[in-house]
Amino acid sequence: MRITSVKTYEAPLPGGHYSQAVVAGNMIFVSGQLPFVPQTGDKTTGGISEQTLQALKNVLSIVSAAGGDITTIARTTIYTTDLKSWEEVNRVYADFFGPVQPARSIVTVAALHHGFLVEIEAVAFTL
């Protein structure tokens, strides 16, 4: 099986030695996405709602570039710096995915790069 890197300018480009995602067979493995605005490189400076939405948009842009869509996202992992924000993260997540309900984990961490409040990674499959 060949592994192929994914690169799209519709999501933030990697800041280190990793790919936005890799495709192995029909599986898409999306690296953790921080809430950067891809067109400008600016940080999403709003609260947890705005940051969660931008991170989800970045994940979906990468999945789309790899040949999937929102219905092919099978699993997500959400890293957040404050468990008290769970309800707001869940609301934004539910609004974003609608009837699609990927498997999900939420992990509270001490800190995230650049002082962000949320980071999201995903596993999806190609159409």
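Predicted model: local features only at pLDDT ≥ 70, side-chain atom pairs only at ≥ 80, totals over all residues.
A search of the whole structure returned three aromatic pairs. In one of them, the ring centres of Tyr-93 and Phe-97 lie 4.7 Å apart with the planes at 50 degrees, so this pair is classed as tilted. Tyr-93 and Phe-97 both belong to helix H2 (residues 86-97), where a spacing of four residues separates them by about one helical turn. Tyr-93 and Phe-97 are both buried. For Phe-96 and Phe-97, the centres are 5.3 Å apart and the planes meet at 85 degrees; the pair is therefore edge-to-face. Phe-96 is buried, as is Phe-97. Tyr-93, Phe-96 and Phe-97 make up one aromatic cluster.

Charged side chains were also found over aromatic rings. The charged end of Arg-104 is placed over the ring of Tyr-93, at 4.6 Å from the ring centre, and Tyr-93 is also a member of the aromatic cluster. Lys-43 lies over the face of Phe-116, 5.4 Å from the centre of that ring.

Helix H1 (residues 48-65) comprises 18 residues. From the first C-alpha to the last, H1 reaches 26 Å, close to the 26 Å expected at 1.5 Å a residue. Gly-67, which follows H1, has a positive phi near 105 degrees.

How values were computed: Residues numbered from 1 in each chain as written. Heavy atoms only, no water. Phe/Tyr/Trp six-rings, centres within 6.5 Å; stacked < 30°, edge-to-face > 60°. Helix = DSSP H or I, 4+ residues; strand = E, 2+ residues; numbered from the N terminus. Buried < 20%, exposed > 50% of the residue type's maximum accessible area, 1.4 Å probe, protein only. Lys NZ or Arg CZ within 6 Å of the ring centre and 35° of its normal. Expected span 1.5 Å × (residues − 1).
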